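Please keep the sequence and the structure in view while reading.

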Amino acid sequence: MARREFSASRIPGFPTVAILVFVALYMPILMLVIYSFNAGDSIAIWEGFSFKWYPVAWNNEQVREVTFRSLTVATMASVIATTVATMAALGTTRRRRTGGQTFIYLMINQPLMVPEIVTAVALLIFFASIKVATGYQGLGYLIAAHSAFCIPFAYLPIRARLEGMDRTLEVAASDLYATPWQAFRHVTLPLLMPGIAAGLMLAFVTSLDDVVITLFVKSAGQDTLPTYMLAQIRRSVSAEVNAISTLLLLLTVILLTAFFLLTRKRD
Amino acid sequence: MPKENAIETRSSRKVYGAGSEAVVALDDVSIAIRKGEFFTLLGPSGCGKTTLLRLIAGFETPTSGHILLNGQDITDVPPNRRPVNTVFQSYALFPHLSVRENVGFGLQMKGRPASEIGTKVERALSMVQLGAMADRKPAQLSGGQQQRVALARALAPSPEVLLLDEPLSALDLKLRKEMQSELKRLQHELGITFIFVTHDQEEALTMSDRIGVMSSGRLLQIGSPREIYNHPVNRFVADFIGETNFIPADVHDGTATIAGDIAMQVAPDSPQGRHTIAVRPEHVRILNDPAAAPMRATVTDTTYFGTDSHVRMLLQGGTEIVARYQSEAAGGDAPTTGTDVGVSFAPGSVQVLQD
Ligand SMILES: Nc1ncnc2c1ncn2[C@@H]1O[C@H](COP(=O)(O)OP(=O)(O)OP(=O)(O)O)[C@@H](O)[C@H]1O
Ligand SMILES: [Mg+2]
């Protein structure tokens, strides 16, 4: 008998388990999307197809306000996080290897490993003391908090891109009369762009759906879209939330598809 | 005024790493490369050829010693301020730029006006016959075409010295031969100093004005291809370039004695004492009549190569030597195994080696 390579798909019961996992992952989301088109206002009883919840959500002044706040925070935080992450990635890959490298990676990726609730409490206490000292109550706290936990998400694709880059190209640029800044500007940066764009999108999506840290850090009247939805669902279950979720889902899928296409393309 | 040297290295030494992991990549290399010459660095893998080029280009600073360009010390000048360009072994073309932008990169960084960049890029591209490919990206070119873009890119800013790090090693034999003559023609036309790195001895012999042979970070010998081939200074050089017979000998006053009593003339300034002599296989003559020859040998093996045969023999005194036997010229087939033959060495072909 010919020897065959090991393949997980030949383990008995593998197809069943795989199907169950996919059902568990996508069934609830599918239900959510379907019920966003429900004609009635229940999220459990189907009363016919309708688009009505989308205009309802759109015309809700509060929904618009929190959406705008979410987008503001996500945009600011992802830009800040990506800028910091780009510099961190340059710092960790464009220097001589030293023993501290692993430690630095751990430090940068800390938000991925520390439980979110711990970070949330720490930020609450930290920002509270600043609030007392300065009296400032604005959106800055949320933006700062989001920027911090988005850094590793932006950092990872950028570092991957930098590590895959041929260092000889930068040497070639300096050979061809480019100053270090010109070499960065004309060679490193353009080649890094797909990584930076991917990092920006990941950071944006991560910020957009954060609940835990936002709940702890936000001041009164600073609901973002996810915390607003959470509050709504607690009060009364409405198909309006389904419509908003579906739109968020659509936005995320678009961004993640773009991320996938950007990181896959190799030149 | 004496002709200036384009590049000079003075006791240049390069050590990578430190402590127990230190690697001496270059050990006290002093070399003077003349203006407009085609100079080749030849040596086995890991002997420090690339390191020497990197020092000249400015990508590395020597651990000690100096680098001079036109007599000026440039040891501490960064690469972007040296009028020296490199053709990298991996080509290192910028993947996000078109062929035209790649070739124009150096001039653009120098801040030349667009009109000048345009004409110089066109000229460089036509020099390597790639005018039709100007708008392509490097990924859309064949290996040979990429190689020529790399050459055009390095030549476009009109450097004083061009460094080529094994630029042909990735090409197949036919393309390689073509590029060899193309490089030679370009160098002749432009009059730029070329420093060319290879580990292919044939490439070095056919292309160079002078060759520097390196081994383990040291420069062993500098000379014209003819000098290096005919008068290698030591066993390594003789062995690395072409095939050679090595025979132990006693050397005194211009005479080398082998196998106890066979004496032959060597250069009067040869080193004295117990040494090895080197004779190329094509300088070993085979005579069918042993009595008429100064030395006798027994054929142990004959290999046929078409135009010539390699005849392996046991020379009297017990040393094995190889002769290149040209059937046409000798007017007969090579002697068969077991035959006793006479042997002589062509006059002036015996070289006494330093070690
Ligand atoms: N960055 C580096 N760090 C440590 N050692 C190095 C470094 N670069 C080169 N070396 C060592 O220095 C020596 C010379 O290397 P170099 O690249 O100059 O050799 P080469 O003659 O160009 O070889 P090849 O023909 O294989 O390209 C080698 O032993 C190599 O291992
Ligand atoms: Mg090399």
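Accessible areas come from the Shrake-Rupley method with a 1.4 Å probe, and for residues only the protein chains shown count as cover. On that basis chain B exposes about 16,200 Å², and carbon and sulfur atoms supply 48% of this area. The model is predicted: local features need pLDDT of at least 70, side-chain atom pairs count only at pLDDT 80 or more, and totals for chains, interfaces and linings use all residues. Residues are numbered from 1 along each chain as its sequence is written, chains are lettered from A and ligands numbered from 1 in the order in which they are written, and side-chain values use heavy atoms, with hydrogens and water left out.

**Chain B as a whole**

- Chain B contains nine helices and 20 strands; helices (H or I, at least four residues) and strands (E, at least two) are DSSP runs, numbered from the N terminus.
- The C-alpha trace of chain B spans about 80 × 45 × 45 Å along its principal axes.
- Chain B has 355 residues, of which 52% count as buried; buried means under 20% relative accessible area, exposed means over 50%, and partly exposed lies in between (1.4 Å probe, protein chains only).
- Contact means heavy atoms within 4.5 Å. Among contacts in chain B between residues at least 6 apart in sequence, 65% join residues at least 24 apart.

**The interface between chain B and chain A**

- Chain B contributes 24 residues to the contact, and chain A contributes 17 residues.
- Buried area is the accessible area (1.4 Å probe) that two parts lose on being put together, summed over both. Between chain B and chain A it is about 1,800 Å², with carbon and sulfur atoms giving 68%.
- B:Asn80, B:His96 and B:Met109 supply 32% of the area that chain B buries against chain A, more than any other three residues.
- Strand 6 (84–87) and helix 2 (99–109) of chain B each supply at least two residues of the side that touches chain A. Helix 2 of chain B gives the most to this side, with four residues.
- The side of chain B that touches chain A has 14 nonpolar, seven polar and three charged residues. In this classification Ala, Val, Leu, Ile, Met, Phe, Trp, Tyr, Cys and Pro count as nonpolar, Asp, Glu, Lys and Arg as charged, and the others, Gly among them, as polar.
- Five residue pairs across the interface of chain B and chain A are in polar contact (both at pLDDT 80 or more). A polar contact is a pair of N or O atoms within 3.5 Å; within protein, one must be able to donate a hydrogen and the other to accept it, and residues adjacent in sequence count only if both atoms are side-chain atoms.

**Salt bridges**

- A salt bridge is a side-chain nitrogen of Lys or Arg within 4 Å of a carboxyl oxygen of Asp or Glu. The count is 23 salt bridges over all chains, while between chain B and chain A it is zero.
- B:Lys177 forms a salt bridge with B:Glu202, with the closest N and O atoms 3.2 Å apart. This pair links distant parts of the chain, 25 residues apart: B:Lys177 is in helix 5 (residues 173–190) of chain B and B:Glu202 is in helix 6 (residues 201–207) of chain B.
- B:Lys177 is partly exposed, at 40% relative accessible area, and B:Glu202 is partly exposed at 47%.
- B:Glu189 and B:Arg185 form a salt bridge whose closest N and O atoms are 3.0 Å apart. Both lie in helix 5 of chain B, four residues apart, about one turn of the helix.
- B:Glu116 forms a salt bridge with B:Arg112, the closest N and O atoms being 3.1 Å apart. B:Glu116 is buried, with a relative accessible area of 18%, whereas B:Arg112 is partly exposed at 40%.
- B:Arg13, B:Asp27 and B:Arg218 are linked in a network of salt bridges.

**Individual residues**

- B:Ala124 lies in helix 3 (residues 114–127) of chain B and is buried, with a relative accessible area of 3%. Leaving aside neighbours within four places in sequence, B:Ala124 is in contact with B:Val103, B:Ala152 and B:Ala156.
- B:Ser11, in strand 1 (residues 5–16) of chain B, has a positive phi of about 40° although it is not a glycine.
- B:Asp253 also is not a glycine, and its phi is positive, near 50°. B:Asp253 is found in the loop between strand 11 (245–252) and strand 12 (255–258) of chain B, and it is exposed, with a relative accessible area of 69%.
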